[in-house]
Amino acid sequence: MVVKRTARAGFTVPGMSLQDGHKLAGLLQARLHALNDLALTLKHAHWNVVGRDFISVHEMLDPQIDLVRAMVDETAERIATLGISPNGLPGALVAARPWDDYSIGRAHTSAHLAALDLVYSGFLKSHRKTLAEVGELDPITEDMIINQCAQLELFQWFMRAHLEDDAGDLANAGSKTERAAASKTKP
């Protein structure tokens, strides 16, 4: 007996066309890659922060990592529910992503926070773009992404609180790259 293997099932959620279910799952696959990358990036920063504020930033990142990992699982399970096999393999992530690896290694907490602020901005911009597309197809998936955006925006605010001065300006304002953002901070 030959077993046919496919990444696409002949079903999706009730009330949605097969074509729309598979299209939605494709949109979510890109977000799954981005969420996996974000979790790894945050953990990398967690391991590589140094300086006076080490413990507060090190411990602030752990709940963010845990929640992003939960978002990874939630997103993958939604893809499977829609009838598509989610791909969480590292090679697939690297092959599909349009962004480069996080560029900061061992660095002061403020440097990592400034760089991670840009990571969050880029991630949230693309997540909101997907949100607009998903909103046309499915309110359940739209709700999931709305909740993810809300939690990630809160985490970005936590980071920005470390970068903001009394006038409300961010230390990394105007930075286009992680390295540029990191270089604008002072230990």
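Before anything else, the model is predicted. The chain has 187 residues, and 44% of them are buried. Along the principal axes, the C-alpha atoms fill a box of roughly 60 × 35 × 25 Å.

On secondary structure, there are six helices and two strands. Reading from the N terminus, the order is α-β-α-α-β-α-α-α. UniProt, in an unreviewed entry, lists residues 27–165 as "domain: Ferritin/DPS".

Next, contacts and surface. Take the contacts with a sequence separation of 6 or more: 76% of them are between residues 24 or more positions apart. The accessible surface comes to about 10300 Å², and carbon and sulfur atoms account for 55% of that. For the charges, we have 19 positive and 23 negative, and their mean positions lie 7 Å apart.

The largest nonpolar core holds 49 residues. The members that touch the most other members are Leu 42, Leu 61, Leu 116, Leu 152 and Met 159. Helices α1 (18–48), α2 (54–81), α4 (109–135), α5 (139–163) and α6 (178–183) each give two or more residues to this core.

Setting aside residues up to four places away in sequence, what does Leu 152 touch? The list is Leu 38, Val 68, Met 71, Tyr 120, Phe 123 and Leu 124.

Second residue, His 22, which sits in helix α1. Is His 22 buried or exposed? Its relative accessible area is 10%, so His 22 counts as buried, the cut-off being under 20%. Beyond its neighbours within four places in sequence, His 22 is in contact with Arg 8, Ala 9 and Phe 11, and also with Leu 82, Gly 83 and Ile 84.

Last one, Thr 109, in helix α4. With a relative accessible area of 1%, Thr 109 is buried as well. Again leaving out neighbours within four places, the contacts of Thr 109 are Val 49, Val 50, Asp 53, Phe 54 and Val 57. There is also a distance to note here: Thr 109 and Ala 45 are 64 residues apart along the chain, and their C-alpha atoms are separated by 8.7 Å.

Terms used. Residues are numbered from 1 along each chain as its sequence is written. This is a predicted model: local features need pLDDT of at least 70, side-chain atom pairs count only at pLDDT 80 or more; totals for chains, interfaces and linings use all residues. Side-chain values use heavy atoms; hydrogens and water are left out. UniProt positions are given in the numbering used here, feature names are shortened, and annotations may be inferred rather than shown by experiment. Helices (H or I, at least four residues) and strands (E, at least two) are DSSP runs, numbered from the N terminus. Buried means under 20% relative accessible area, exposed over 50%, partly exposed in between (1.4 Å probe, protein chains only). Contact means heavy atoms within 4.5 Å. Accessible areas come from the Shrake-Rupley method with a 1.4 Å probe; for residues, only the protein chains shown count as cover. Lys and Arg count as positive and Asp and Glu as negative; His and the chain ends are not counted. The place of a charge is taken as NZ of Lys, CZ of Arg, CG of Asp or CD of Glu. A nonpolar core is a set of buried Ala, Val, Leu, Ile, Met, Phe, Trp, Tyr and Cys residues joined through side-chain atoms within 4.5 Å.
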